[in-house]
Amino acid sequence: MIPLVPQVKPALRRGWRDLDTVQFGMTPAHAMTLGPMDTATGSFLDLLNGTRGPGLLREEGRRMDLPDGHVDRLIERLSRAGLLDDARGGGPAGEALRRKKRVLDRLRPDLASLSLTTSEPGEAIGLLAARRSLRVQVRGAGRVGAVLASLLSGAGIGEVDVRDIGEVEPWDVAPGGLPVEAIGERRDEAARRAARRYAPDRSSRGPVSVAGEPAAGEPGFSLVILAPRDDVAVHAPPPADQLIDSGTPHLYVGVAEGTGVVGPLVLPGVTSCAGCLHEGRTDRDPAWPRLVAQWRSGSGRSRHVRPCDLALATTVAGLAAAHALSFLDGRLPSSAGARWEVSVPSLNWHARPVWTHPACPCGAAEKGKGEHTSEEGESHETMSGQGPSQESPRKADAVRSAGTWRAHV
């Protein structure tokens, strides 16, 4: 798609690799090269700044003695490579967001980041604008859940509802989450208030019922995040039967005994769920159900404050927010069918697969029968092993793939 008002994506730094090759971007994940390019064309790139349409750009090209058709070919090539944005793209929702300058100014770093992972001009602001219509619920307002709710709200999610019980305790206070002034207040109300404080646009989207379900006439939740404060519920999460039955996507997250967990992200009937996790653990360890029953009944469980230090809780909330936003923006993050885990003091993230299980009533195993051959308990990948790539930047002739809503198990 050719942009109406072309703009080289400002999120990518630009530099000359040699006399006729330009590199867009610094990091291996997003860097791309374009060549051969002469000096005049390189200078023309500065004019692709979102202030001129194709007509004015052609006039500028003629003044710079560029060959006829050269400007159009350059714009088409840059657009095909995913290096161009559209200063007027994103449709009516994108235009409405641009009119809210103060809101957009808050979200400009998020917009720049989205531009790195989208290929179509105007797609990034379209995704950012779409977030304003989404509703997310966070169940749990401890050090992880409250920070997570604030992160999602600050990233532009239209409504972030938080559900929990009890009052805010001194050890619940966390930067970006529950403030010290909230100690003694209702936990859920304090967490919702904290999330609203970070929202770029504080206009309300409508009421939520007392039970935490959408009020009459309101759309359902695009995602429910289960962030329990109880470490047993984090380590051995019970199946969310109501969410499975309603087809509501949900993500598990939390900290248990100095181990942070993000995942699995459950797409009901498609990817593995907490029930699959339980059945798989039982297959590997027959004592597992007995232990879980004791933990849940309180046997062997102390009443002390749970180990959940600020740095670990904030790290887990940050990764969970990134996975949630990736899903809400239309991609399938690596937490679908897996649990990312990190433990103190080594702090090495690794992913443990959670396969669909035939004994689980969620039905995902039947849908994905035959798609998994790996043994349960194998590790997917580790962040510690994902160091900087030594590969050269991609050639601009290779078209960057766009995101997809299609779920793949």
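Colleague: What should I know about the model and the numbering?

Modeller: This is a predicted model, where local features need pLDDT of at least 70, side-chain atom pairs count only at pLDDT 80 or more, and totals for chains, interfaces and linings use all residues. Residues are numbered from 1 along each chain as its sequence is written, and side-chain values use heavy atoms, with hydrogens and water left out.

Colleague: How many helices and strands in the protein chain?

Modeller: 14 helices and 13 strands. These are DSSP runs numbered from the N terminus: helices are H or I with at least four residues, strands are E with at least two.

Colleague: And what share of the residues is buried?

Modeller: 46% of the 409 residues in the protein chain. Buried is under 20% relative accessible area, exposed is over 50%, and partly exposed is in between (1.4 Å probe, protein chains only).

Colleague: On to α7. Which of its residues are buried?

Modeller: V144, G145, A146, V147, L148, A149, S150, L152 and S153. That is nine of the 12 residues, so α7 is largely enclosed by the rest of the structure.

Colleague: What covers them?

Modeller: The cover includes strands β6 (135-139), β7 (159-163), β8 (223-226) and β9 (250-256), plus helices α8 (187-197) and α13 (310-328). Contact here means heavy atoms within 4.5 Å.

Colleague: What span should α7 have, and what does the model give?

Modeller: The 12 residues of α7 (residues 143-154) should span 16 Å, and the end C-alpha atoms are 17 Å apart, which agrees. The expected span is 1.5 Å times one less than the number of residues.

Colleague: How do α7 and α8 cross?

Modeller: Their axes come within 8 Å and cross at roughly 30°. Axes are lines fitted to C-alpha atoms, for helices over the stretch in contact, and angles run from 0 to 180 degrees between N-to-C directions. α7 and α8 are therefore roughly parallel, a label for angles under 35 degrees.

Colleague: Which residues make the contact?

Modeller: A146, A149, S150 and S153 of α7, with A191, A194, A195 and R196 of α8.

Colleague: Switching topic: where is T271?

Modeller: T271 is in the loop between β10 (259-266) and α11 (274-284). At 2% relative accessibility, T271 counts as buried.

Colleague: What lies by its side chain?

Modeller: A polar atom of the T271 side chain lies 2.8 Å from the backbone nitrogen of L267. The backbone oxygen of L265 lies 3.3 Å from a polar atom of that side chain.

Notes. Polar contact = N/O pair within 3.5 Å; in protein donor to acceptor, adjacent residues only side chain to side chain. Parallel < 35°, antiparallel > 145°, perpendicular 65-115°, else oblique.
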